[in-house]
Amino acid sequence: MYRISSSGLLLCLLSQTAMAADLPRRPLPAAPAAPPVFSWTGAHAGLFAGYGALDRATQFVCTGPGGQPGARNCPVVPAKRASDASFVGGAEIGYDWQLNSGFVAGAAADHQFTRLWGYDRREGAFPAAGGGFYRRGVAHSGQRLDDLTTVRGRLGFAIDRTLVYATGGLAVGNIRTDNNLSLSGLPLFDGRQGGARLGYVAGAGVEHAFSEHLSAKVEGLYYDLGSRAVLPAPSYPVLTGYHAGSRVATDGFLARVGLNYRFGAGLPVLPPVAVAGAAGGAAGGAATWDFEGGLRYFVSAGTPREKLGDPDAPGQLNSRLTYTNAQAHAGESFARLEHNPTGLFAKGFLGTGGVTGGRLADEDFPPALRRYSKTLSPIKDGDIGYGVIDFGYDVLRRDGYKLGGFLGYQFASELYNGYGCRQVAGGAPCARPYPTGMKTLGESMQWNALRVGVIGEARFDRVRLSLEGAYLPVVSLSGVDRHWLRPDINPGPEGGHGDGYFLEGIIAYDLTPSVSVGVGGRYWQLQADKAHTTAFPFSSPSPMKFETGRYGGFAQLSYRLADFGFGETGAPAALVRKD
C-alpha cells in the first residue's frame with residue numbers, strides 16, 4: 001500500500017511539472033536603465049538679444065602747411081572718451097565637439113544689427129598752439145555702428161548639461177564717423193567716413209541644455225575695431241594750408257541672452273521598442289510645450305515728423321521736417337513659445353531692412369525767417385531696424401480659440417537721408433537748387449518702449465486668425481539731426497519721451513501639421529511730446545515734438561514643433577523580455 005501511494009504521488013508531481021512547462025513564463029522585470037549622458041557634440045542655430053555699448057575715444061588732430069603735427073596756430077581741442085548703449089539682436093550658427101573628459105571645442109558665427117551711436121559736442125574757447133585762443137569754438141564728434149559680425153572659436157568644459165566656455169575670434173563692423181570743428185562760427189573741417197572695419201572679439205559665457213535639443217545661454221563679449229583717422233581735404237577758408245581732422249577709436253561690450261536649437265545633439269537615441277512606446281505616449285496626450293518660429297518679408301511705409309519750437313517763445317513753431325511716404329523693405333524672424341499646462345507664453349520678432357524712397361519737406365516759419373519757406377528733397381536711402389519681445393498669459397483657453405494678455409518691450413530704429421534741395425515756397429534756404437546726388441538732410445531716431453497688450457487667436461480647421469493690440473505707456477526717443485550743409489550746428493543731438501500704440505493681424509493656413517503660410521498687417525505709432533534738441537551752440541535747448549508711424553503688410557512661413565525637445569509627454573514603455 002505504501003509503495004502504491006508513493007508511486008501515485010510521484011506520478012502526480014511529474015504530471016504537474018509537465019503541465020507547468022507548457023504554461024507561459026512570467027516576464028522578468030526589466031533591469032533599470034542607466035541614465036543617458038548628455039553630449040554637446042553637433043550643430044546648432046539660434047537667436048539672441050541683449051544690450052550693447054559703444055565706447056569711442058576721439059582725438060582732434062591738426063597739421064601745419066609743412067605737414068608738421070600741432071603746428072603754431074593749430075587749435076588744441078581736448079580728447080574725449082564717451083559711451084552709449086542700446087538694444088542689440090541677431091542670429092548665430094555653430095558646431096561643437098565634446099570629448100569623454102567633458103572638454104568641449106567649437107566654432108560659431110553670428111550677425112547682429114546694433115544701431116549703436118553716440119555724438120558729443122564741446123564748445124567754448126579753444127587754445128591755439130604757440131599761444132592765444134579761438135573764441136566760440138564748437139567741436140562735434142560721433143560715430144555709429146550699424147551692425148557687427150563675429151567669427152569665433154570657443155573652448156569650455158561641460159558638467160552634464162551645463163557648459164562654461166571662453167570664446168574669441170574676428171569681428172567686422174560697419175562704422176560711420178562724423179566729426180567737425182568750427183572756430184568763431186566758421187567751419188575749419190567737416191569729416192565723414194564710412195565702411196567696414198576689422199577687429200577682434202573675446203568673451204565668455206554659460207550655456208545650459210534644458211533638453212536634448214534646446215539650450216539657453218548668457219554671454220558677454222568685448223569687441224575692438226581699432227581706430228581710424230579722418231583727415232578731409234581743406235575745403236574752408238580758415239587757417240589756409242592747414243589740415244585738420246580727427247582720430248576715432250571704436251570698442252565696446254555686448255551682453256546677450258539667446259536660445260539655440262541643437263541638431264542631432266543631446267541624448268542618445270532610444271532603442272526601437274522604447275521609441276515606439278514614447279511615440280505612443282506622446283500621441284495619446286497633449287504636448288507640454290508648443291513652439292512656432294519662422295521668417296517674414298515686411299513691406300511698409302511711414303511718415304515721421306519733427307517740429308522745432310523756439311526756446312524763448314513758448315508755443316512758437318520755427319521749423320518742421322516731414323518725411324512723407326518713407327518706404328522700406330525688411331526681413332524678419334519671429335517665434336512663440338507656449339507652456340500648455342499653465343498658459344504662459346513668450347513671443348517676439350526681430351527685423352531689419354532698407355529705406356528705398358520717399359520725400360522730405362523742410363518748412364521754416366516766421367518770425368524765425370522773414371517769410372514762410374518750404375523745400376523738397378527726395379529720400380534715396382536709409383534703414384530701419386525693429387524688435388519686440390513679450391511675456392504673457394492666456395486667461396481664456398477653449399477648443400478653437402484663446403485670449404491672453406502680455407507685458408513687453410519694443411525697439412525701433414530709423415535713418416532717413418534727403419538729397420538735393422528744391423525751393424517751392426519762399427527763397428532763403430535753397431535760393432539756388434542743389435543736385436539730387438548731394439546729401440543735404442538726415443535724421444536718425446531710436447525708440448524704446450514698454451508694451452502692455454492683449455492677443456487673441458481663433459482656429460477654423462486649418463485656418464488661424466490672430467489679432468493683437470498694445471498700448472505703449474512709456475516711450476523714449478534718442479535722435480540725431482544732420483544738416484549736411486551746416487557743419488556749425490551738426491550733428492544735433494535730440495531726446496524726449498512720450499507714448500504710442502501697436503496693432504497687428506495675421507491669417508495663417510496650415511499646409512501640414514508642422515508647416516504653415518500666412519499674411520498679415522501691422523501698424524505702430526510712436527510719439528515724443530516732451531522732447532528737445534541742443535543742436536544750436538551757445539543757446540538754450542530748443543523744444544521739439546516727434547512722431548513716427550509705420551504701416552505695412554507681410555508674408556510669412558512658419559514651422560511648429562511639439563514639446564521642442566523639452567521632454568516626453570508620455571512615459572516610454574518598459575522593455576519586455578521574451579524567452
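**Close-up views of a predicted model**

**View 1. An aromatic cluster.** Ring pairs join Phe-298, Phe-349, Tyr-386, Phe-502, Trp-524 and Phe-554 into a cluster. The model shown here and in the other views is predicted. Its aromatic pairs number 17.

**View 2. The ring pair of Tyr-386 and Trp-524.** A pair of aromatic rings is described by the distance of the centres and the angle of the planes. For Tyr-386 and Trp-524, the ring centres are 5.7 Å apart and the planes meet at 50°. Planes under 30 degrees apart would count as stacked and over 60 as edge-to-face, so this pair is tilted. Tyr-386 belongs to strand E13 (residues 373–398). Trp-524 belongs to strand E18 (residues 515–533). The pair therefore ties together parts that lie 138 residues apart in sequence. Both Tyr-386 and Trp-524 are buried.

View 3. Glu-92 is part of strand E2 (residues 80–98). Its relative accessibility is 4%, so Glu-92 counts as buried; the cut-off is under 20%. A polar contact of 2.7 Å links the side chains of Glu-92 and Lys-217. Neighbours within four places in sequence aside, Glu-92 also touches residues including His-44, Phe-48, Asp-110, Arg-152, Arg-256 and Asn-260.

**View 4. Arg-256 over Phe-48.** The charged end of Arg-256 sits over the Phe-48 ring, 4.0 Å from the ring centre.

**View 5. Lys-347 over Phe-406.** Lys-347 lies over the face of Phe-406. The distance to the ring centre is 4.4 Å.

Key:
Residues numbered from 1 in each chain as written. Predicted model: local features only at pLDDT ≥ 70, side-chain atom pairs only at ≥ 80, totals over all residues. Heavy atoms only, no water. Helix = DSSP H or I, 4+ residues; strand = E, 2+ residues; numbered from the N terminus. Buried < 20%, exposed > 50% of the residue type's maximum accessible area, 1.4 Å probe, protein only. Polar contact = N/O pair within 3.5 Å; in protein donor to acceptor, adjacent residues only side chain to side chain. Contact = heavy atoms within 4.5 Å. Phe/Tyr/Trp six-rings, centres within 6.5 Å; stacked < 30°, edge-to-face > 60°. Lys NZ or Arg CZ within 6 Å of the ring centre and 35° of its normal.
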